[in-house]
Amino acid sequence: MHRFLLKLSSSSFTNPLRNSKPLILPRLLSSSPVTASESPPPSHPTTNRFLSPSGYPDSYRKSRPFSSNSRVRCISSEAGRECIEYDVLIIGAGPAGLSAAIRLKQLCLEKNTDLSVCVVEKGAEVGGHIISGNVFEPLALDELLPHWRQEQAPIEIPASSDKFWFLTKNRAISLPSPFDNKGNYVISLSQLVRWLGGKAEELGIEIYPGFSATEVLYDASDKVVGIATKDMGISKDGSKKETFQPGVDIKGRVTLFAEGCRGSLSEKIIKKYKLREEVNAQHQTYALGIKEVWEIDESKHNPGEVIHTLGWPLDPKTYGGSFLYHMNDRQVALGLVVALNYKNPFLNPYEEFQKLKHHPAIKRILEGGTVLQYGARTLNEGGFQSIPYPVFPGGAIIGCSAGFLNVPKIKGTHTAMKSGMLAAEAAFGALHEGSNMNTYWDNLRDSWVWKELYAARNYRPAFEYGLIPGLAVSAMEHYVLKGKVPFTLKHGKADHEATDLARKCKPIEYPKPDGVLSFDVPTSLYRSNTNHDHDQPSHLRLKDPKIPEKVNLPEYAAPESRYCPARVYEYVEDEEGKPKLQINAQNCLHCKACDIKDPKQNIEWTVPEGGGGPAYSLM
């Protein structure tokens, strides 16, 4: 552990918020190991560690003072692993996780007490794995940080107009917009999360990027007591490399999981404690969002313009749509969202996105422009019906790990943030006031999050009956009933069960990319800045290595070679000339589509070494 944890010496700076609590800082971005003889860097190491210089306000790159009495916080050794203990441990430095951390420290200041708070993030930088539309509703941020408008938050472009198009192959038919984005902003969520990270660190919260949480830790009574991080420096064959560094056990009196959609540890906890069954929740449903950020001609740029579409290029039986948001600096965010309960195994979401860019209404905006960044991520679409009981012994699940996306609004950041704030208040009460974490569930049901998701509950399942019936029911819900219908529609089959056999479906021929508007996967992948150490065990595991060749290929025409937006899965010939699945794990965008859509649920997505994956800055 001494190789990558740096203990601040007694010559460190002073911070009145720390109350002489000990501090441990991971040293993750250095190419050489940290030894006990090294002295701390002259400036604030944590800020330098998790924030890239570009795109971040100068005021948050300044060094922050720390306790002059810092020392190691409860380090012990068991079986070669170190252990660090905190009051509250948060897994994931996204909107929910950082909002929870900030709210906890605010409560500490209000009540004149202190709780140690640690946030663990698998990305190399805070914000590096964050991708979203994003038309941002500031309701939760107004509650969390009321003065954000005066504090250089990267929220600058107000939504100026709402357009809603139904696309045919050659036309864009304007429809009455069901969206009301007055008061909202077009933003980069990855930039906002970086800013939130800075605000968290100002409050004394310790953020450890580059740490992959690979295992949930339990005590003898089956209570969650923390997580174990992944060993670093393991080669593909399982042997230890010269750079080997053992993982760490990080424990919390309360542990909050904020891993985002389809969080690997969150899913295990939901199953272990039967949290869906606890409240009769339905299964979660998902969609895959594929996005690019373009820089376009100034004459075509209309900051704040918001466009949503339905229809082409998707068939009438496949739920989804596109978005085009005009950001600042001549940038536009373009994306396609495809529900993962699509039936035709020949459908390729990445290629559908390439087709979209050639639609005349989209093409005229993009022509003459340049792609700046590419990425993909799954999102929850189950809504109200799919929310599990979020409290378990030892902690809670927050944000998109629990599934608080409002599907008709196409917004989940504000609800994720609010869930984190409510969980933080429950955790503070449990640790400082003698209450328990169940107050999180009670307060969640009394909040505007619950009211909002309840009113929107029937939009997504209405489209199980097709595009036209879905539009009809949605219009009735939105304009007439306003979510007050006395029944709740159910979701259809789970996404992996919805895939039809290949013999029942028609293959889809996709045009070759032109290199101007449409691109091949390697070109797009390069724009995601994705990077993994090639010499490490694959984090994409096959439960049964025979299923791809015996089931997926002959019966479903190898759907994993199409639903993955990074060409992680491809069939190649072995020495005998027979097709064999090859997993290019180094390409993985961490979108989780494979974990969701594989017909036999044979692919298990686990975390790679910390710091691997995409490195988004504009998404």
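Two strands count as paired if DSSP finds at least two bridges between them. Keep that in mind as we walk through this predicted model.

Let's start with three strands. They form an open sheet in the order β6-β10-β7, paired in the antiparallel sense. β6 (135–136) and β7 (157–158) each have a single partner strand and stand at the edges, so one side of each lacks a neighbour in the sheet. Helices (H or I, at least four residues) and strands (E, at least two) are DSSP runs, numbered from the N terminus.

Two bridges link β6 to strand β10 (residues 185–186), in the antiparallel sense. Phe 136 has Tyr 185 in β10 as its bridge partner.

## How to read the model

Residues are numbered from 1 along each chain as its sequence is written. Local features need pLDDT of at least 70 and side-chain atom pairs count only at pLDDT 80 or more, while totals for chains, interfaces and linings use all residues; side-chain values use heavy atoms, with hydrogens and water left out.

## The chain as a whole

The chain holds 17 helices and 27 strands. Of its 619 residues, 60% are buried (under 20% relative accessible area, with a 1.4 Å probe and protein chains only). Contact means heavy atoms within 4.5 Å. Among contacts with a separation of 6 or more, 77% join residues 24 or more positions apart.

## A helix with two neighbours

Helix α9 (residues 413–433) meets helix α10 (residues 438–445), their axes coming within 8 Å and crossing at roughly 140°. Axes are lines fitted to C-alpha atoms over the stretch in contact, and angles run from 0 to 180 degrees between N-to-C directions. Ser 419, Leu 422, Ala 423 and Ala 426 of α9 touch Thr 439, Tyr 440, Asn 443 and Leu 444 of α10.

α9 also packs against helix α11 (residues 448–455), at an angle of about 140° and with the axes 10 Å apart. Here His 414, Thr 415 and Lys 418 of α9 contact Trp 448, Val 449 and Glu 452 of α11.

## A hairpin further along

Strand β25 (residues 569–573) and strand β26 (residues 579–583) pair in the antiparallel sense over five bridges. Glu 573 stands opposite Pro 579 in β26. Five residues lie between the strands of this hairpin, where Gly 577 takes a positive phi near 80°.

Methods. Buried < 20%, exposed > 50% of the residue type's maximum accessible area, 1.4 Å probe, protein only.
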